[in-house]
Amino acid sequence: MIDEQRLIDTFFELVRIDSPSFSENDVAEHLRPVLEELGLSITMDNAGDACGGNCGNLIAHFKGNTKGEAIAFSAHMDCVPPCLGVEPVMDDGIIRSKGDTILGGDDKAGIAAIIEAIRHLIENEISHPDIYVVFSIAEESGMHGAKNLDLKKVPAKRFAILDCSGPVGTIITRSPAKIDITATFTGRAAHAGFEPEKGVSAINMAADAILRMKLLRVDEDTTANVGSIQGGSAINIVPESCSFHAETRSYDPEKLQAQVDHMKECCRTAADNYGGEVSLETDQLYPALNVPQDSAMLQEAISACESLGVKPSLESSGGGSDANILAGRGIDVINLGIGMTSAHTTDEHIAVEDLIGSAMLVAELMKS
């Protein structure tokens, strides 16, 4: 059986450790002896060096005691702000922070569930294949841990990520690719009162470009948004420079590229109309996750849910996770719902029954 109190204690210990993105070493150092005491071999890759973090991904190997294909489980160690000085409280089976920080269930609930599942297998002498555990860094700041994960240290072709809202039984099989766009418009400065006719307003260009764009819900697969805009220096100067930052996401790569092309063309048209210039930069943050129906990992997750009497629910997500990155790297991967609610807010909370359910589901998958 899953040890409820031990699981809660593990979770409380983890969320009390400060771990903003790129500063996860304290969590890693807390986890290292815990895993070693359970008999796992520990290593750390160089992902932190690639992204400016203070540690790499923590990787553990739980040696199998039966034949079978290796399987990996992963959750990330970092949290979004405000995440310093988290103090968890529990009331009527619900765990939340005192209210002035996030809780950190995203994603320390996933870490706690994985550790408790391993303890369960050991204590009950349950047969299992080679199991690899990856506690990744900097997921919240661009999935840098997954992007730089040394897969040579994790020789498993099947991954289960524990990093999604939704009740236990939720299986994310589809999430969009994302491309960021930065547009910088250059006009010509002039005194706004004496000779505005001599100026070319970069802010007007940016506004014109944005008004031309299809934004927000573009179609059933695609979204787009302009999130911030900066420009100008004083109200009596026609602004010479203005830039905005935007994003677009889509499950369909062709639609994604079409939306990027559309937004860039709107910018070029606006610049031409005003006699100014625009420079455009794009950056693909992550690829799409599209888990095929015949995915071995998916079928195992469905079977594990059914074995526990949990109804599996295959869902789409509007956001990305480490699962997107690993899918793009050729891994058979799914993302599991672990019951986290209102993540990234100070109202974040999780039910104890979901912590237990997540640990039970992971333990069931570990037997496969």
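**Pocket lining**

I sorted the residues lining the largest pocket of this predicted model by type. I got nine nonpolar, 10 polar and six charged. For the volume of this largest pocket I read about 450 Å³. The lining has 25 residues, and I listed those closest to the pocket centre: Glu139, Glu140, Gly319, Gly320 and His344.

Next I looked up which elements supply two or more lining residues. They are strands S7 (158-165), S8 (170-175), S13 (277-286) and S16 (332-340). Which of them gives the most? I noted S7, with three residues.

**Strand S16 and its partners**

S7 and S16 run parallel and are joined by seven bridges.

Is S16 enclosed or open to the outside? I checked burial along the strand. Eight of its nine residues are buried, so S16 is largely enclosed by the rest of the structure.

**Thr173**

I stayed with S8 and took Thr173, which is found in that strand. Buried or exposed? Thr173 has 12% relative accessibility. The cut-off for buried is under 20%, so Thr173 counts as buried.

I then asked what Thr173 touches, leaving aside neighbours within four places in sequence. I wrote down Leu289, Asn290, Val291, Leu298, Leu314 and Glu315.

I moved on to S13, another of the strands in the pocket lining. S13 belongs to an open sheet of five strands, ordered S10-S11-S12-S9-S13, with antiparallel pairing. I marked the edges as S10 (216-217) and S13, each pairing on one side only.

Which strand does S13 pair with over nine bridges? I traced S9 (residues 177-186), and the pairing is antiparallel. Within it, I noted Ala183 opposite Leu280 of S13.

**Helices across the sheet**

Last, I looked up two helices. Helix H6 (residues 202-212) lies across S9, S11 (222-231), S12 (241-250) and S13. I read its angle to S12 as about 20°. Helix H7 (residues 253-274) also lies across S9, S11, S12 and S13. For H7 the angle to S12 is about 160°.

Notes
Residues numbered from 1 in each chain as written. Predicted model: local features only at pLDDT ≥ 70, side-chain atom pairs only at ≥ 80, totals over all residues. Heavy atoms only, no water. 1 Å grid on protein atoms, 1.4 Å probe; cavity = no way out; pocket = protein on both sides within 12 Å on 5 of 7 lines; lining within 4 Å. Points joined across faces, edges and corners; volume = space filled by probe spheres on them. Helix = DSSP H or I, 4+ residues; strand = E, 2+ residues; numbered from the N terminus. Nonpolar A, V, L, I, M, F, W, Y, C, P; charged D, E, K, R; others polar. Buried < 20%, exposed > 50% of the residue type's maximum accessible area, 1.4 Å probe, protein only. Contact = heavy atoms within 4.5 Å. Pairing = 2+ DSSP bridges. Axes fitted to C-alpha atoms, helices over the stretch in contact; angles between N-to-C directions.
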